[in-house]
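These are my notebook entries on one protein chain. I record what I looked up, entry by entry.

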Amino acid sequence: RREAFGFIGLGQMGARMAPNIFKDASIDELIVYDVAPDAAKTVISNPLSQGKKITVATSPADVVKHSKKVLTMLPNGKIVSDVYKTHLIPNTQAKTIFIDSSTIDTQTPKDLAAVLRSKDALFFDAPVSGGVNAAAAGILTFMVGAPTAEQFQIAEAILKNFAKSVVHCGDIGSGQVAKLCNNLILGQVVQQPHPWSAHGRRVEAMLMGTRLGVDPKTLAGIFNTSTGRCWSSDTYNPFPGVLPNIPSANEYKGGFGSSLMLKDLGLALDAAKSVNLSAKGAQTAHDVYTSMVKDSNMGSLDFSGVLKHLDTTSPK
Ligand code: NAD
């Protein structure tokens with residue numbers, strides 16, 4: 001049986017992810033929607049989309065009226081809630097499967113899943129890790145909240161087209177818990193002075209070493225074969241020119257926006273507070289990204305651009 005797949009939110013991540021659904025031979029049409037009118041262009045020009053039908057919907061309701069499998073990839077919880085409550089839920093067909101891969105709070109997925117269950121539809125939270133290159137290559141890691149192993153398998157069958165790994169984290173909402181824990185680490189790996197972490201101080205170390213005369217590639221090479229090795233030194237180095245094809249090589253454009261990292265650290269702090277945990281490292285990272293976004297006006301730069309923020313706020 002051939003069917004249409006709905007995809008809502010074609011930003012840095014969504015536009016790169018969406019064409020990967022054509023790896024599933026039963027999908028012969030992609031129905032996409034984004035508030036930005038030009039967002040679908042990237043999907044249409046993707047090699048995986050050639051010879052396939054791409055319909056650009058004029059509203060989220062249009063997507064859900066014509067598709068019983070829908071993935072949403074939106075900036076934040078407020079927008080996710082609004083898109084579902086105002087547009088998707090009222091127009092849902094029975095047996096529709098919704099997957100939200102945005103990074104949002106842990107409660108909204110539970111609320112949406114409950115309402116959709118009453119409409120005989122399924123909802124999963126399935127936030128991702130991996131960044132824009134992994135999104136394009138279809139090798140993301142998905143952290144899925146699903147009430148049962150059987151329901152998880154329904155989400156997994158869809159998500160495997162976009163993924164190298166799809167993990168069942170627990171009941172609805174626990175995908176977001178795992179994701180917020182990951183970004184609590186990530187927000188600190190790139191920039192922050194974490195007292196117990198061997199891979200902390202990435203930005204500080206790169207700036208200090210290069211200001212004191214060591215070549216950035218040499219420095220990164222040392223970390224990558226030493227105890228300082230981590231994702232932000234060997235895959236996503238924040239220092240311009242150390243690695244190709246990542247945001248730091250392109251003036252910090254086209255990655256994971258700092259304003260989104262600030263949002264995630266805020267969500268992680270709320271989650272920590274809800275279990276009475278003092279998370280000082282995350283608080284420091286949150287302070288730094290607040291300053292980067294609000295004082296330096298760099299919210300649209302990739303989060304690794306915190307190196308540029310530190311460089312400009314600590315003049316030589
Ligand atoms: P983005 O801001 O680039 O894209 C969001 C898209 O949603 C935009 O195209 C925007 O026009 C669209 N949008 C906004 N409101 C809308 C609405 N009401 N209806 C339809 N479309 C709407 O963000 P992104 O970088 O693609 O991230 C998406 C989500 O994934 C965020 O929650 C982010 O935290 C998470 N995430 C991002 C990365 C990354 O590396 N960029 C990695 C992991 C997770």
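**Entry 1: Overall fold**

I began with the contacts of the protein chain: among those with a separation of 6 or more, 68% are between residues 24 or more positions apart. Two residues are in contact if their C-beta atoms, placed from the backbone, lie within 7 Å. I note that this is a predicted model, in which local features need pLDDT of at least 70 and side-chain atom pairs count only at pLDDT 80 or more, while totals for chains, interfaces and linings use all residues. Residues are numbered from 1 along each chain as its sequence is written.

I then looked up the dimensions. The C-alpha trace of the protein chain spans about 60 × 50 × 35 Å along its principal axes. The radius of gyration is 20 Å, which agrees with the value near 20 Å for a compact globule of 316 residues. This radius is taken over C-alpha atoms, and the globule rule is 2.2 Å times the number of residues to the power 0.38.

I found that 47% of the 316 residues are buried. A residue is buried if 20 or more other C-beta atoms lie within 10 Å of its own, exposed if 12 or fewer, and partly exposed in between, with C-beta atoms placed from the backbone.

The protein chain has 14 helices and nine strands. Helices (H or I, at least four residues) and strands (E, at least two) are DSSP runs, numbered from the N terminus.

**Entry 2: Domains**

I looked up the division of the chain and found domain 1 (3–171) and domain 2 (179–313). The bounds come from an automatic or database domain assignment. Taken over C-alpha atoms, the domain centres are 28 Å apart.

Which residues connect the two domains? I recorded 12 residues of domain 1 in contact with 13 residues of domain 2. On the domain 1 side, helix 6 (residues 131–137) gives the largest share, three residues. That side consists of four nonpolar, seven polar and one charged residue. Here Ala, Val, Leu, Ile, Met, Phe, Trp, Tyr, Cys and Pro count as nonpolar, Asp, Glu, Lys and Arg as charged, and the others, Gly among them, as polar.

I next followed the pairing of strands, where two strands pair if DSSP finds at least two bridges between them. Strand 1 (residues 3–8) runs parallel to strand 2 (residues 27–33), with six bridges. In this pairing Phe5 stands opposite Leu30. Strand 2 is also joined to strand 3 (residues 53–56) by four bridges, again in parallel. Here Val32 faces Val56.

Strand 2, helix 2 (residues 40–45) and strand 3 form a right-handed β-α-β unit. A crossover is right-handed if, with the strands pointing away from the viewer, the path from the first strand over the helix to the second runs clockwise.

**Entry 3: Strand 8 and its partners**

Is strand 8 (residues 140–145) mostly covered or mostly open? I found it mostly covered, with five of its six residues buried. Strand 7 (residues 128–129) pairs with strand 8 in the antiparallel sense over two bridges, and Val128 stands opposite Phe142. Strand 9 (residues 163–170) runs parallel to strand 8, joined by six bridges; Thr141 has Ser165 as its bridge partner. Together with helix 7 (residues 149–159), strands 8 and 9 make a right-handed β-α-β unit.

I located Asp100 in strand 5 (residues 97–100). Asp100 counts as buried because 29 other C-beta atoms lie within 10 Å. Leaving out residues up to four places away in sequence, Asp100 touches Thr72, Val80, Pro109, Asp125 and Ala126. Asp100 and Pro127 are 27 residues apart along the chain, and their C-alpha atoms are separated by 7.0 Å.

Thr92 is in the loop between helix 4 (77–91) and strand 5. With 22 other C-beta atoms within 10 Å, Thr92 is buried. Thr92 touches Val64, Leu116, Lys119 and Ala121, not counting residues up to four places away in sequence.

**Entry 4: Positive phi**

Asp120 has a phi of about 60 degrees and sits in the loop between helix 5 (107–117) and strand 6 (122–125). Asp120 counts as exposed, with 11 C-beta neighbours inside 10 Å. Glu251 has a phi near 55 degrees and lies in the loop between helix 11 (231–234) and helix 12 (258–274). Glu251 counts as exposed, with 12 C-beta neighbours inside 10 Å.
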